[in-house]
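Welcome, and thanks for bringing your viewer along. Please load the model, and we will walk through it one selection at a time.

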Amino acid sequence: MGAAVEESELKAAIVYNLLLFVDWPAERAPSPTNALVLCLRSGSELQAPLEKLALRPVREARIELRQLSPQSDVRPCHVLYCDGPEGERAALYRRIAGPSAPVVIADESNFASELTAIQLRRKESKFALEISMAAVRHAGVQVSSKLLRMAKVTQE
């Protein structure tokens, strides 16, 4: 029997795989010469497991991990993973604006934001995905129909 997987490693694998189902507009698209910038809250539980996965490209683009403080600029981020204390999440969400907003992926939280494109929800021993099409549109990206079929989708 295989070893148990840590929850943070499982979440990191889910986040990595979600990146395969998101398409950015040509002017912002990650490529072999333009890294996919994945931003995390400083102190995120996913930092170490994502560092391991960042060695694997996403559609030929390398992954660049950036740790953010609540005061950090989120504009260079393609993706923002939000976890941790509600106050720190709120501070990062306040920094998201404009047409080059990152795709926000968040773990389960009581802190709701209309900017969260993909929410990871714990359902018994599994994770479920909730996708907000309004937040996807705000980030200016397209999400694969394959991903949409696997998730609970909200329009607003």
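How many Å² does the accessible surface of the chain come to, and what percentage of it belongs to carbon and sulfur atoms? The total is about 8300 Å², and 52% of that belongs to carbon and sulfur atoms; accessible areas come from the Shrake-Rupley method with a 1.4 Å probe, and for residues only the protein chains shown count as cover.

Before we go on, a word on the ground rules. This is a predicted model, in which local features need pLDDT of at least 70 and side-chain atom pairs count only at pLDDT 80 or more, while totals for chains, interfaces and linings use all residues. Residues are numbered from 1 along each chain as its sequence is written, and side-chain values use heavy atoms, with hydrogens and water left out.

**Stop 1: the whole chain**

Switch to a cartoon view. Read from the N terminus on, the elements run α-β-β-α-β-β-α-β-β-β-α-β-α-β. The radius of gyration is 15 Å, close to the 15 Å that the globule rule gives for 156 residues, so the chain is as compact as a globular protein of that length. That radius is taken over C-alpha atoms, and the globule rule is 2.2 Å times the number of residues to the power 0.38. Along its principal axes, the C-alpha trace spans about 45 × 35 × 35 Å. Of the 156 residues, 47% count as buried; buried means under 20% relative accessible area, exposed over 50%, and partly exposed in between (1.4 Å probe, protein chains only).

**Stop 2: helix H3**

Select residues 86-94, which form helix H3. Arg89, Ala90, Ala91, Leu92 and Tyr93 are buried here. What do the buried residues of H3 pack against? Their partners are strands E2 (36-41), E3 (63-68), E4, E5 and E6, where contact means heavy atoms within 4.5 Å.

**Stop 3: Asp107**

The side chains of Asp107 and Arg89 make a polar contact of 2.3 Å. A polar contact is a pair of N or O atoms within 3.5 Å; within protein, one must be able to donate a hydrogen and the other to accept it, and residues adjacent in sequence count only if both atoms are side-chain atoms. Asp107 counts as buried, because its relative accessibility is 8%. Leaving aside neighbours within four places in sequence, its contacts include Lys11, Glu45, Tyr81 and Leu120.

**Stop 4: Gly84**

Now move to Gly84, in the loop between strand E4 (79-82) and H3. It is partly exposed, with a relative accessible area of 28%. Beyond its neighbours within four places in sequence, Gly84 is in contact with Arg41 and Arg89.

**Stop 5: Gln47**

Next, pick Gln47 in helix H2 (residues 47-53). Is Gln47 buried or exposed? It is buried, at 13% relative accessible area. A polar contact of 2.7 Å joins its side chain to that of Glu51.

**Stop 6: Arg59 and Glu60**

Finish in the loop between H2 and E3, where you will find Arg59 and Glu60. Most residues other than glycine have a negative phi. Phi is positive at Arg59, near 50 degrees, and at Glu60, near 75 degrees. Arg59 is partly exposed at 43%, whereas Glu60 counts as exposed at 63%.

Notes
Helix = DSSP H or I, 4+ residues; strand = E, 2+ residues; numbered from the N terminus.
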